[in-house]
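Take a look at the sequence and the structure below. Keep both in view as you read.

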Amino acid sequence: MAIDVVKPGFATTVQDLGRPGYYHLGIPLSGAMDRYALRAANLLVGNDEGDAGLEAVFMGPELRFTSDATVAVTGAELPPKVDGEPCPTWTAFRVRAGQTLSFDVLKKGARGYIAVSGGIDVPLVLGSRSTYALCTLGGLEGRGLQAGDALVVGAAKRPAKQGKAVPEALRRGSGAAPELRVLTGLYWDRITAESGKGFFEDTWKVATEADRIGYRFRGGRPLALVERKQPFGAGSDPSNIVDSCYPYGSIQVPGGTEPIVLHRDAVSGGGYFMLGTVISADMDFIGQMQPHTPTRFVSVDMRQALAARHDRTRMLRQLREALG
């Protein structure tokens, strides 16, 4: 079975849950920016949670199916249509051979996830089908979709029931992230105590530079850095450090002005200091934030971060139980 790409949408890529184990070589995890949404879409259509689907940003693609398939769209509120007839999100629906799946205008969030029974069957690269476009790695020829592409779909692994839906209580909010929880890190002492207090007090807005590599935030007060003699190997800017590893979710602030939260396609290290790290439980929310979305950063300790991870794990367990 193949799906013909009539229109690619905007920055639509093949993604699964990523390729862990290569970050020390400079190859990032990649994978879905909203991992929960991709898992839910796959479970709805009878796939394994980590099967490859499509990640559509702001605008959905137009896809013509050559065989019958069960489809689910989760994540952003990107309303799907089959031959022009509306279909619900977070719900499995049927697309017949010859029909076209398209999308209405984005209502909420930033990234929609499209799962098809059987999964998108592109070659595995380092154990993953995810697209890392910066290095043309994985996915469909290492790039986003283009008109005229044909997506091969694998054989369905288990029956998928039309109309199966994720319960409302288990649909994570799209784009509403008034708070992002942060563990301060090794370089927190590079800014003054007053600046650190202001960082958590201020309201920040997502800048237009927000993609799979990182999200820039604007609107808060500039951060005052503690004066020091730059160590050997560090750059001349006070925000520079001797090159260090960057964890996912780390917040770097070049020049002390605009925080950048590194995401799935981020480089693995560099020479900017890091305030701290957005906790893993909140990383999916960032992927659903549109430019100009206001948010605040909230300081948490390790106990609170682990509790949030526990809550997220419990929600995943409930999702699996609800969808069988």
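The model is predicted.

**Two packed helices**

Two packed helices are described by the angle between their axes and the distance between the axes. Here the pair is α1, residues 35–44, and α4, residues 302–323. Their axes lie 10 Å apart, at an angle of about 15 degrees. Angles under 35 degrees count as roughly parallel, so α1 is roughly parallel to α4. The crossing of α1 and α4 is right-handed.

Which residues make the contact? From α1 come R35, Y36, R39, A40, L43 and L44. From α4 come R312, M315, L316, L319, R320 and L323. By class, the contact of α1 with α4 has eight nonpolar and four charged residues, and no polar ones. An α-helix has 3.6 residues a turn, so residues three or four places apart point the same way.

**Helix α2**

Helix α2 covers residues 193–201. Its residues S195, G196, G198, F199 and F200 are buried. What do the buried residues of α2 pack against? Their partners are the strands β12 (179–184), β13 (204–210), β16 (250–252), β19 (274–278) and β20 (294–299).

Buried means under 20%, and exposed means over 50%.

| Residue | Relative accessible area | Class |
|---|---|---|
| S30 | 0% | buried |
| W90 | 4% | buried |
| R143 | 18% | buried |
| H292 | 56% | exposed |

Start with R143. It sits in the loop between β10 (108–116) and β11 (150–152). Its side chain joins that of E141 in a polar contact of 3.1 Å. Leaving aside neighbours within four places in sequence, R143 is in contact with T13, T131, G138 and D149.

H292 lies in the loop between α3 (283–287) and β20. Not counting residues up to four places away in sequence, H292 touches K205, V206 and T208. How far is H292 from G196? The two are 96 residues apart in sequence and 23 Å apart in space, C-alpha to C-alpha.

**Positive phi**

Most residues other than glycine have a negative phi. S30 is not a glycine, yet its phi is positive, at about 55 degrees. S30 is placed in the loop between β2 (13–15) and α1. W90 is not a glycine either, and it has a positive phi of about 55 degrees. W90 is found in the loop between β7 (85–86) and β8 (93–95).

How values were computed:
Residues numbered from 1 in each chain as written. Predicted model: local features only at pLDDT ≥ 70, side-chain atom pairs only at ≥ 80, totals over all residues. Heavy atoms only, no water. Axes fitted to C-alpha atoms, helices over the stretch in contact; angles between N-to-C directions. Helix = DSSP H or I, 4+ residues; strand = E, 2+ residues; numbered from the N terminus. Parallel < 35°, antiparallel > 145°, perpendicular 65-115°, else oblique. Left-handed = near helix turned anticlockwise from the far one by under 90°. Contact = heavy atoms within 4.5 Å. Nonpolar A, V, L, I, M, F, W, Y, C, P; charged D, E, K, R; others polar. Buried < 20%, exposed > 50% of the residue type's maximum accessible area, 1.4 Å probe, protein only. Polar contact = N/O pair within 3.5 Å; in protein donor to acceptor, adjacent residues only side chain to side chain.
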